[in-house]
Amino acid sequence: MRKSIRALSLAAAMALSGAASAHAADAAGAKPTIVLVHGAFADASGWNGVVGKLSRDGYTVIAAANPLRGLSSDAASVSALVDSIPGPVVLVGHSYGGEVITEAAVGKAHVSALVYVAAFLPDVGESALTLSAKFPGATLGETLTSVRLPDGGEDFYIQPAKFHGQFAADVPPATAALMAATQRPVTKAALAEPATAATWKQLPSYVVYGTADRNIPAQTERFMAERAKARKTVAIEGGSHALMVSHPDKVAALIEEAASAR
């Protein structure tokens, strides 16, 4: 009887060990979760086309709500989200969201890649404002309007009448009008806050930008991609700042390349 109990116990232990090994193998081969982080003057719905493509291809996707209140606090919000995700993660940032993912990736061993979509790749001490002014061509400042906040700060919006030409020139006018009406403001403090980390120096980075971007000039995008030694850089001819809306398949393709790289 004791022999049979010992045999059963051994069999059970072997079964549990086998199940654990299979689970570990499954986890090792699992597709990364894709976390998409929008930037200023946008919201998470701007990723809808990208989410659809990635989901059809079998990826788990989370389009995070970026608070747009301050770089350190926004990054902490995304960092907490990343901590809640088991398995590998690819972080994707648009515009100011590029700064946020760069900070949020600090100390995250399960973040496997960073993808920048018409986004900032800041070095330590740089901000959205300083990078925007590094090369000529940005026209965002003249399209902005501000709202004074109770704490004395300022929220920036793009004037609705100027949104299409400034932010989304290659998007149908009706879609751009909806984007203008639903845009999320960013604080002046967030755009001015300097980066404290440059995780693209350690993590594989991928960049896609539009040659007709009026928020972040193409020359600035090229400079940042070359400085980061991006594994792949895609320049979309005539692309605006809203590439995730106007070219979702191209954006999704680059994300999938980053997610599948070893």
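Where is Thr-143 found? I looked this up first. Thr-143 sits in the loop between α5 (128-132) and β5; helices (H or I, at least four residues) and strands (E, at least two) are DSSP runs, numbered from the N terminus.

**Ground rules.** I am working on a predicted model, where local features need pLDDT of at least 70, side-chain atom pairs count only at pLDDT 80 or more, and totals for chains, interfaces and linings use all residues. Residues are numbered from 1 along each chain as its sequence is written, and side-chain values use heavy atoms, with hydrogens and water left out.

**Entry on Thr-143.** I find Thr-143 buried, with a relative accessible area of 5%. Buried means under 20% relative accessible area, exposed over 50%, and partly exposed in between (1.4 Å probe, protein chains only). I noted that the side chain of Thr-143 reaches the backbone oxygen of Leu-140 at 2.8 Å. A polar contact is a pair of N or O atoms within 3.5 Å; within protein, one must be able to donate a hydrogen and the other to accept it, and residues adjacent in sequence count only if both atoms are side-chain atoms. Not counting residues up to four places away in sequence, Thr-143 touches Tyr-157, Ile-158, Gln-159, Lys-162 and Gln-166. Contact means heavy atoms within 4.5 Å.

**Entry on the sheet.** I traced an open sheet of 3 strands in the order β5-β6-β7, with antiparallel pairing. β5 and β7 (186-187) stand at the edges with a single partner strand each, so one side of each has no neighbour in the sheet. Strands pair if DSSP finds at least two bridges between them. β5 (residues 144-148) and β6 (residues 154-158) are joined by 5 bridges, and Leu-144 stands opposite Ile-158 in β6. The hairpin of β5 and β6 has 5 residues between the strands, and Gly-152 in that hairpin takes a positive phi near 95°. On the other pairing, 2 bridges join β6 to β7, with Phe-156 opposite Val-186 in β7.

**Entry on Asp-155.** Is Asp-155 buried or exposed? Asp-155, in strand β6, counts as buried at 7% relative accessibility. Its side chain makes a polar contact of 2.8 Å with the side chain of Arg-69. I also checked Leu-68: Asp-155 and Leu-68 are 87 residues apart in sequence and 9.5 Å apart in space, C-alpha to C-alpha. Leaving aside neighbours within four places in sequence, the contacts of Asp-155 include Thr-145, Val-147, Pro-185 and Thr-187.

**Entry on the cores.** The largest nonpolar core has 53 residues, and Phe-41, Leu-91, Leu-114 and Phe-167 have the most contacts inside it. Apart from that core lies another of 24 residues, among them Trp-47, Ala-118, Val-251 and Ala-258. Such a core is a set of buried Ala, Val, Leu, Ile, Met, Phe, Trp, Tyr and Cys residues joined through side-chain atoms within 4.5 Å. Leaving aside neighbours within four places in sequence, I list Leu-91, Ile-101, Trp-200 and Ser-205 among the residues in contact with Leu-114.

**Entry on Ser-205.** Ser-205 lies in strand β8 (residues 205-210) and counts as buried at 2% relative accessibility. With residues up to four places away in sequence not counted, Ser-205 touches Leu-114, Tyr-116, Trp-200, Ala-228, Ala-230, Arg-231 and Lys-232.
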